[in-house]
12 protein chains.
Amino acid sequence: MPDSTYKIVEIVGTSEVSISKAIDGAIAKASGSLRHLGWFEVGQIRGNIADGKVNRYQVTLKVGFTLE
Amino acid sequence: MPDSTYKIVEIVGTSEVSISKAIDGAIAKASGSLRHLGWFEVGQIRGNIADGKVNRYQVTLKVGFTLE
Amino acid sequence: MPDSTYKIVEIVGTSEVSISKAIDGAIAKASGSLRHLGWFEVGQIRGNIADGKVNRYQVTLKVGFTLE
Amino acid sequence: MPDSTYKIVEIVGTSEVSISKAIDGAIAKASGSLRHLGWFEVGQIRGNIADGKVNRYQVTLKVGFTLE
Amino acid sequence: MPDSTYKIVEIVGTSEVSISKAIDGAIAKASGSLRHLGWFEVGQIRGNIADGKVNRYQVTLKVGFTLE
Amino acid sequence: MPDSTYKIVEIVGTSEVSISKAIDGAIAKASGSLRHLGWFEVGQIRGNIADGKVNRYQVTLKVGFTLE
Amino acid sequence: MPDSTYKIVEIVGTSEVSISKAIDGAIAKASGSLRHLGWFEVGQIRGNIADGKVNRYQVTLKVGFTLE
Amino acid sequence: MPDSTYKIVEIVGTSEVSISKAIDGAIAKASGSLRHLGWFEVGQIRGNIADGKVNRYQVTLKVGFTLE
Amino acid sequence: MPDSTYKIVEIVGTSEVSISKAIDGAIAKASGSLRHLGWFEVGQIRGNIADGKVNRYQVTLKVGFTLE
Amino acid sequence: MPDSTYKIVEIVGTSEVSISKAIDGAIAKASGSLRHLGWFEVGQIRGNIADGKVNRYQVTLKVGFTLE
Amino acid sequence: MPDSTYKIVEIVGTSEVSISKAIDGAIAKASGSLRHLGWFEVGQIRGNIADGKVNRYQVTLKVGFTLE
Amino acid sequence: MPDSTYKIVEIVGTSEVSISKAIDGAIAKASGSLRHLGWFEVGQIRGNIADGKVNRYQVTLKVGFTLE
């Protein structure tokens, strides 16, 4: 197998529903413009609060993909 | 818009059910005594184990709110 | 209560379904060979991506147990 | 000199003008409710952007004061 | 057992005698105004020097307690 | 409000005059090619020295913007 | 001298008396099952509080030993 | 000299031979699409193991280049 | 593919010759007692000095392997 | 160009006026005894507070210079 | 009070007896060659083990002093 | 064996050839003015790029030596 080079980009997914949905949305969005997404790593989990409840999760991800 | 000052407090929510419930409970509790909660950030996710299973999640949060 | 000593081991649980399942699986696996598991702490949340979706979560945990 | 105990609180100052103004505003605000402020430490410098310019600085500070 | 929420405060104990005394003093002081202190964690150990000797230890602690 | 995804890029602004000018220049430059810049965060403040004086500030920023 | 390989394990010592006793106890315990202990490094110093006093120190150590 | 702005991208080079080859390959690859590469910084050195030997090094780099 | 659990151990390889030899030696040693080694990550690169030269490299590694 | 070796020293500049003045003062002071200062990096920005205002900034710098 | 500049040096104290003695010894030693020592900060607490006991503590300190 | 005190200095070695040469050069240089060098620790590995290739490695080291 020849040597490969990967690139890592940092994105933030958001969701009103859950941490998982925020991750899924960010990866789906990234896969629309980047091919060969291979892995992700969660950096930070944050969110907004309104009326004493979480109303939006924000999850920072690093996403790696193969450079062609 | 005038300049604001925010305060950040650190709290730990716990739940026997899930990480999300631990976050929700902590924010609900904090909103009982602090007004104008604006955002949160997850610091650490820990938990207790009993009989080979998670029996309580503990999630440390930093929560920010407007100082009046 | 006499003084105790604990040991901490680092494990990685994986799941195609969710972060929670990855944690549960790792703790269940560890409890098969280690007795007196007491607590865990999440280190890193990563995962693999295939076809623009998360296809496997990988959660690194530190797990503590009593040394007999 | 007798032993003292200090408390540290975390605040975020904001300013449309500069990092310094954000620090000054946060310390002025904190001194309104806390006596004996003694020192501060800058944690994070962030800001909002609008129309390709910084339109608000946000500086996170830890502020220490003597517990009476 | 119902779910609990904890709060974490950051304090600095000082002592001319030892690191332990600085920790003890800070916890004693904190327990005067906060009930249900449950645990602490040492953040930083510093001190002042005079005449080539430590003349005051300063120990930063995070202290957790149950929110009622 | 629908869920959004953001991207974060890392840039370094430089200025012979001040830290602020270095931040301003980097954000102005980035806004030339990226739309919807929303926030920034200072990572590192460095600089070059010549003749015993700062002759150029270098400020590393993470800048976030909405992915369309 | 031939090249050696070392292993590092993470343990937590506890003591009702002092930080030193917690370290000593953990090392004594570890030396019961591991030969050739060579060095340790303190990771975290924590403790439990009861009645406004430290009632148990918990010191996390990394301990290195020669792999035979 | 006018003020410049730099961009930093994160890439991962891989090599079956050595850490150096992994760095070289990643920089050669990046220079194919990015002009004015100026500096790099090693973030993480990892690798895969097969049959008790390293069979591929993976080196994460931050690479900086001038924005025109 | 069923879910797997991995364990991570921390080891230190040493070599009088090079960083690479220290890594190789540690992985070879670990593979003598642990099956299914899958990956490693370099933690710290240190060494001893004698007569103004490096006379031994010490490389700390985390090594992951499949728990059967 | 022959290979050079640099040394890095850590200094703290103080100023009643601004963060910039604290940096300038420290570099001017260091250049009085060290030749060939080449670069600096800001470590920590702290300060003292009196009467609800910053009365002295303290900026920790690492400063690099060529070893002759 | 005119602005001062401080320098920070890193030293390691050792003691067969205790962490405190290691700190004391290092500060006494440093005060032999450096005047105006003002403060210290503990970086790392390590030690050697022999026969299942700590036989030497090693405490890394940063020590600050006024530059004249 | 009496208690010793060590000092740690931070240096940066550079080499057009390799990371190892950069380390060797820095230690050789440091040993010209400092006696009793005992150990080193790699902090950061950086480098310059020219024409799509590494043209100079820069390795930051902490080097420890006995204070006489």
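Start by selecting strand E1 (residues 5-15) of chain D together with E1 of chain E: the two run antiparallel and are joined by four bridges. Strands here are DSSP runs of at least two residues and helices (H or I) runs of at least four, numbered from the N terminus, and two strands pair if DSSP finds at least two bridges between them. Zoom in on Thr5(D) and you'll find Gly13(E) standing opposite, in E1(E).

Before you go on, a word on what's loaded: this is a predicted model, where local features need pLDDT of at least 70 and side-chain atom pairs count only at pLDDT 80 or more, while totals for chains, interfaces and linings use all residues. Residues are numbered from 1 along each chain as its sequence is written, chains are lettered from A and ligands numbered from 1 in the order in which they are written, and side-chain values use heavy atoms, with hydrogens and water left out.

Now show the whole E–D interface. Here 13 residues of chain E are in contact with 12 residues of chain D, contact meaning heavy atoms within 4.5 Å. The buried area is about 1000 Å², with 49% from carbon and sulfur atoms; that is the accessible area (1.4 Å probe) that the two parts lose on being put together, summed over both. Colour Glu10(E), Val12(E) and Lys29(E): they supply 50% of what chain E buries against chain D, more than any other three residues.

The chain E and chain D count is two salt bridges, each a side-chain nitrogen of Lys or Arg within 4 Å of a carboxyl oxygen of Asp or Glu. On chain E's side, the elements giving two or more residues are strand E1 (5-15), helix H1 (19-33) and strand E3 (53-66). E1(E) gives the most, with seven residues.

Next stop, chain K. Select strand E2 (residues 37-50) in chains E and K: these pair antiparallel over three bridges, and Arg46(E) has Glu41(K) as its bridge partner.

E2(K) pairs antiparallel with strand E3 (residues 53-67) over 12 bridges, with Trp39(K) partnering Gly64(K). The two strands form a hairpin with two residues between them, and Asp51(K) in the turn has a positive phi of about 55 degrees.
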